[in-house]
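Good morning, and thank you for making the time.

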Amino acid sequence: MSELNNMIQYKEKKKERETGSLALLSYPALMAADIFLYDANLVIVGQDQVQHLELAIDVARKFNNFYEKNLLKIPQFSIPHFGSKIMGLKKPKKKMSKSENDYIALLDKSEIITQKIKEAETDSENKIYYQPKKKPGISNLLTIYTLLNNQEIKETEKELQNLNYHQFKLKLIDLLNEKLAVIQKRYNHYLSKIGGMIEKNKDYLKDLAEKKVKMIKKELKILT
């Protein structure tokens, strides 16, 4: 309980809402269960999940050491070195958030994207370079642009160095609309297949979970 109470995300959200909840408090434990129940080999997460991963690893090691058996498999964890945390457009010092209506949706129409990017916070310097602490707003937009273009941040800085903020935002709007149009065009086609995919995967994952729980109960000599 003390470790769960010390999770940074929990404390921040508790402060915002002036109260905690079981859903918030138990999230890292549920995340750990999802990882170990299916014997995951690789877990890719964002920067804000680092503390949760550390807790999951600690739980697995203590569990395995206590029973002197490797019952819980510790997977490889991967956190992208760049773009692992996309910030809000209006509040670039906070993570992009749907609950705070500060986000880009995959199904946003062109005019909505245009409005959101034009209203995105920048600064008064009007020079384009990547420095998150000094320029959180423009650095966040540069991150989005760089990732969508599949290039390095230095390449992006060089490409945009002679533009002002207005010109850069227009380029980002065009790029976002171009990339999202591909997803939106195929959305309805794939939507009809999602139900079948979920059912197929549900049975596969249920089988994995049942085998894992059965194995652990057998090793711990828990009768059912």
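I shall take the salt bridges, then the pockets.

Please note that this is a predicted model, in which local features need pLDDT of at least 70 and side-chain atom pairs count only at pLDDT 80 or more, while totals for chains, interfaces and linings use all residues. Residues are numbered from 1 along each chain as its sequence is written, and side-chain values use heavy atoms, with hydrogens and water left out.

Let me begin with the charged pairs. A salt bridge here is a side-chain nitrogen of Lys or Arg within 4 Å of a carboxyl oxygen of Asp or Glu. On that criterion, the structure contains 14 salt bridges. One of them joins the side chains of Asp-39 and Lys-212, at 2.8 Å from N to O. What does this pair tie together in the sequence? Asp-39 sits in the loop between α3 (22-37) and β1 (42-44), and Lys-212 belongs to helix α8 (residues 165-219), so the bridge connects parts that are 173 residues apart in sequence. Helices (H or I, at least four residues) and strands (E, at least two) are DSSP runs, numbered from the N terminus.

Are the two partners buried or exposed? Buried means under 20% relative accessible area, exposed over 50%, and partly exposed in between, with a 1.4 Å probe and protein chains only. Asp-39 is partly exposed at 33%, whereas Lys-212 is buried at 7%.

I turn next to Lys-135. Its salt bridge with Asp-123 has its closest N and O atoms 3.1 Å apart, and in the salt bridge between Glu-125 and Lys-135 that separation is 3.0 Å. Glu-125 and Lys-135 both lie in the loop between α5 and α6, so their bridge ties together parts that are ten residues apart in sequence. As for accessibility, Lys-135 is buried, at 1%. Asp-123 is partly exposed at 27%, and Glu-125 is partly exposed at 31%.

A further group, Glu-3, Asp-58 and Lys-62, is linked in a network of salt bridges.

Now to the pockets. On a 1 Å grid over the protein atoms alone, a pocket is an open set of points where a 1.4 Å probe fits, with protein on both sides within 12 Å along at least five of seven lines; lining residues have an atom within 4 Å of a point. Grid points are joined across faces, edges and corners, and a volume is the space filled by probe spheres set on the points.

The largest pocket holds about 880 Å³ of space. Its lining numbers 31 residues, and those closest to the centre are Lys-85, Met-87, Lys-93, Lys-94 and Lys-95. The greatest contribution to this lining comes from α2, with six residues. By class, there are eight nonpolar, twelve polar and eleven charged residues. Ala, Val, Leu, Ile, Met, Phe, Trp, Tyr, Cys and Pro count as nonpolar, Asp, Glu, Lys and Arg as charged, and the others, Gly among them, as polar.

The second largest pocket has a volume of about 300 Å³.
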